[in-house]
Structures are given as structure tokens and as C-alpha cells.
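Please keep the sequence and the structure in view while reading.

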Amino acid sequence: MMNAISFDIEEHFQVAAFDCAARRRHWGTQESRVERNTQLILEVLEQRGVKATMFVLGWVAERNKNLVKRIVEAGHELASHGYGHELITVQNPKIFREDVRRAKKLLEDISGKAVLGYRAPTFSITKETEWALPILVEEGYRYDSSIVPIVHDYYGIPGANPSIHTLKTDSGPLIEVPPSTCEFGGFKVPIAGGGYFRLFPYSLLRKLLQRVEAKGEPLIMYLHPWELDPGQPRMRGAYLSQFRHYLNLDKVHGRLIQLLQDFRFGPIEHLIAS
Ligand SMILES: [Zn+2]
């Protein structure tokens, strides 16, 4: 079975759990680690001959044009993570439109390729922000990968369709590619990335992922460059946020290599084309 692997290309200091106006003002003067960390991912992918989808943040693309070019030259799918990484829940339709338009144009100008996919910062398309979906269609996006069908403190639409499906929006169809979830201990958990991906022992993770595959569902995995960087400067925040962000970062590089050995992956564009 062909699965999809994706990476949200952003700096370690841009994650929503630590976001605040004061920190945001200092983005430009923080130590940039995204290029080095993404390079590590590109090397692992190349060694395994795997192509992925890279949801690049516009802010990062603007400052790392060569990195965007390298991603495209290596044959990966370039997609959009928006421009400024503000949760959609604090945006309005006008600001959202400007954000996704700016990111798409920037990525297309650098790469010379059409950008069709979008992933919201911290998967923040929820029941309250479904107005964002027709805007994505109007701005030329063909698919979205932001709706996680779970209960979570930051994101999720509990009960949403967990499989790849086409949403009918007022402005036309939009393919929805939800990150994979599975039942565990009576709960639906987003197994395919983030804290859960790093929390479980690999043998358990593999079993759970195989269970998704056995149902005939392709896996939609997601990782971030900062997850392969145990040496990143530590940020202060809520205890739960710190726990989730820094958990098992030293294991991710090896775990990614293992994952690419155990499952077949490609970019999201291949999954939705078939
Ligand atoms: Zn992000």
C-alpha cells in the first residue's frame, strides 16, 4: 500500500504552543535551525529513495529560498503551510485569504511550480473556522490536510471523516487529506505525528500504523524539522506544551529511518491522483 509522508517546514520557535506576541516580535533575530534540520530530513529521504510532501511556511520560504529550491529539485512535492503561522482560530476571512495567497505566490515564484496543497498551522481548521475551506478553493488550492477527526485542546473536529474525501464547499470541491488517527485505549489518537509519534515505543507505533493500513486506509504521516533537533534552545511555556515539544527528540531521526524501512511512502499528490 502507498502511504503519504509530509513535513511541516517551520522554525522551532514558531510552534503554536509557545506562540505569543512578544516571542513573535523576535522571530527575525532567533537562531535559524530550519535549514540544517530540513537538510537532515532530505538526506534520510534520499537514502531511502522516498519522495514526500513539504508544507513550507511562507515566512521560512522567504528567508530560505535555496532550501525551497533544493526541496523541489530533489523531487518532493512543495505545498503551503500558510505564511505567518497564526492559528486560523484567531484570524478572520480577510486575514486568512491574504495569508494563504501570500504563501502560495511566494512558493510558486521560488519554485516555478503550482502549489496545490495546504496545511493549517497546528491543524487549526475546526468547526469554528470551516469558513476557511471555500477560501482555499478560491485561492487555487486543490487539497487541504488540516482537519484531524479527534478531540484535542488546540485543534480537531471530533467525528469528521477520517479518510481522504472530497468536501463540497460553496466555492467548489476541496479534497480533504486528514492526518491518520487510530483507536487506542478507547480514544481516537493522532498516531501519525507529533507527541504521539514520539511517545509510544516504536514497536507499538508500528503495530498501530499497520492496523490503519490493514483497514485499507493509506497512512498520512507528518513531522517537523525541529523534531529531529534535540539540541534546539529550550523555550519556556506551559508544562504540557514543554512535555509534548521536547519529548524523545533524540529518537526521531532513527525512528524516521525505521519508518521508511517498514512502510511505503510517497507524496500526498500521488495519493489523491490515484
Ligand atoms: Zn506548523
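Against which elements do the buried residues of helix 4 pack? The model is a predicted one, and in it these residues pack against helix 2 (34-48), strand 2, helix 3, strand 3 and helix 5. The residues concerned are Leu67, Val68 and Ile71. They lie on the same side of helix 4, because the arc they cover around the axis is only 100°. Asn66 and Glu73, by contrast, are exposed on the other side of helix 4. This arrangement may be read with a general rule in mind: an α-helix has 3.6 residues a turn, so residues three or four places apart point the same way. Helix 4 is followed by glycine 75, which has a positive phi, near 90°.

Helix 5 can be read in a similar manner. Its 19 residues reach 27 Å from the first C-alpha to the last, close to the 27 Å expected at 1.5 Å a residue. The buried residues of helix 5 are Phe96, Asp99, Val100, Ala103, Lys104, Leu106, Leu107 and Ile110. Because these residues cover an arc of only 165° around the axis, they are on the same side of helix 5. Lys94 and Asp109 are exposed on the other side of helix 5. The packing partners of the buried residues are strand 2 (53-56), helix 3 (58-63), helix 4 (65-73), strand 3 (77-80), strand 4 (117-118) and helix 6 (132-138). Glycine 112, with a positive phi near 75°, follows helix 5.

In soluble globular proteins, nonpolar side chains tend to be buried together. In this model, the largest nonpolar core has 64 residues, and Met54, Val56 and Leu107 touch the most other members. Helix 5 (residues 93-111) contributes the largest share of this core, namely six residues. The contacts of methionine 54, leaving out residues up to four places away in sequence, are Phe7, Ile9, Ile71, His76, Glu77, Leu78 and Ala79. Ile71 in this list is also one of the buried residues of helix 4.

Serine 146 is located in the loop between strand 5 and strand 6. Serine 146 is buried because 28 other C-beta atoms lie within 10 Å. Serine 146 and proline 179 are 33 residues apart in sequence, yet their C-alpha atoms are 7.5 Å apart in space.

Strand 5 (residues 143-144) and strand 7 (residues 172-176) run parallel and are joined by two bridges. In one of these pairings, aspartate 144 has glutamate 176 of strand 7 as its bridge partner. Strand 6 (residues 165-169), on the other hand, pairs with strand 7 in the antiparallel sense, over five bridges. Leucine 167 is bridged to leucine 174 in strand 7, and threonine 169 stands opposite glycine 172 of strand 7. Strand 6 and strand 7 form a hairpin, with two residues between them.

These elements may finally be set within the chain as a whole. The chain has 11 helices and 11 strands. Its radius of gyration is 17 Å, close to the 19 Å that the globule rule gives for 274 residues, so the chain is as compact as a globular protein of that length. Taken along the principal axes, the C-alpha atoms fill a box of roughly 45 × 40 × 40 Å. Of the 274 residues, 43% count as buried. Among contacts in the chain with a separation of 6 or more, 76% are between residues 24 or more positions apart.

How values were computed:
Residues numbered from 1 in each chain as written. Predicted model: local features only at pLDDT ≥ 70, side-chain atom pairs only at ≥ 80, totals over all residues. Core = buried A, V, L, I, M, F, W, Y, C linked by C-beta atoms within 7 Å. Buried ≥ 20, exposed ≤ 12 C-beta atoms within 10 Å, placed from the backbone. Helix = DSSP H or I, 4+ residues; strand = E, 2+ residues; numbered from the N terminus. Contact = placed C-beta atoms within 7 Å. Pairing = 2+ DSSP bridges. Expected span 1.5 Å × (residues − 1). Arc of directions from axis to C-beta. Rg over C-alpha atoms; globule rule 2.2 N^0.38 Å.
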